[in-house]
Amino acid sequence: MRMKFLALAAVALLAACESTPNDAANGANTGAQQSSVRPGSAEDFVVNVGDRVFFGLDRYDLSPEARATLDRQAKWLQTYGSVTVTVEGHADERGTREYNLALGERRANSVKNYLAAKGITANRVNVVSYGKERPAVVGSNEAAWSQNRRGVTVVN
């Protein structure tokens, strides 16, 4: 009976000790983590707003999820009015280099135009297309391709 009690106590103790590191590893927001990010910084933008939106195959129109992210970006950019950004347009590996450069530019311009419609002046937003030259995920499958069809807003 005593051994069962000790075993249960040990399991409970291990479970209690294990929860804090797992929460931090899973990205749980703690006061210490939030305070280390300087408001208005590039890190603040990535961590608290989101720096990328994703597109469908051969598409450059914005999904509802993309619009929600861009709404947060616009609000952040309105708060930090002196910040400029560059929107990078990316494509997956399929298609020619020229096609993907043009598609990446259309994607970046979709993001820029949406931000402009939300009140961000055009001279604060530059665009560049990398086409398929800078994949976020290496692989020749839909899981990789879907992560590479993106627009990334980078704080300058």
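Visitor: At what angle do helix H3 and helix H4 pack?
Guide: In this predicted model, helix H3 covers residues 42-49 and helix H4 covers residues 64-79. Their axes lie 10 Å apart, and the crossing of the two is right-handed. The angle at which they pack is about 145°.

Visitor: Which residues of H4 meet H3?
Guide: From the side of H3, the contact is made by Asp-44, Phe-45 and Val-49. Taken together, the residues of the contact of H3 with H4 divide into three nonpolar, two polar and two charged. Those that H4 brings to it are Thr-69, Arg-72, Gln-73 and Trp-76.

Visitor: Within what arc do the buried residues of H4 fall, seen down its axis?
Guide: The buried residues of H4 are Ala-66, Thr-69, Leu-70, Gln-73, Ala-74, Trp-76 and Leu-77. Seen down the axis of H4, they line one face of the helix, whereas Pro-64, Lys-75 and Thr-79 are exposed on the other side. The buried residues line one face because the arc within which they fall is one of 165°.

Visitor: Is Phe-55 buried or exposed?
Guide: Phe-55 is found in the loop between E1 and H4, and among the residues it touches are Tyr-60, Leu-62, Arg-107 and Val-111. A residue counts as buried when its relative accessible area is under 20%. The relative accessibility of Phe-55 is 4%, and therefore Phe-55 counts as buried.

Visitor: What distance separates the C-alpha atoms of Phe-55 and Arg-150?
Guide: Along the chain, Phe-55 and Arg-150 are 95 residues apart. The C-alpha atoms of Phe-55 and Arg-150 are separated by 5.8 Å.

Technical notes:
Residues are numbered from 1 along each chain as its sequence is written. This is a predicted model: local features need pLDDT of at least 70, side-chain atom pairs count only at pLDDT 80 or more; totals for chains, interfaces and linings use all residues. Side-chain values use heavy atoms; hydrogens and water are left out. Axes are lines fitted to C-alpha atoms, for helices over the stretch in contact, and angles run from 0 to 180 degrees between N-to-C directions. Helices (H or I, at least four residues) and strands (E, at least two) are DSSP runs, numbered from the N terminus. A crossing is left-handed if the near helix is turned anticlockwise from the far one by less than a right angle, and right-handed if clockwise. Contact means heavy atoms within 4.5 Å. Ala, Val, Leu, Ile, Met, Phe, Trp, Tyr, Cys and Pro count as nonpolar, Asp, Glu, Lys and Arg as charged, and the others, Gly among them, as polar. Buried means under 20% relative accessible area, exposed over 50%, partly exposed in between (1.4 Å probe, protein chains only). The arc is that of the directions from the helix axis to the C-beta atoms. Lists of a residue's contacts leave out its neighbours within four places in sequence.
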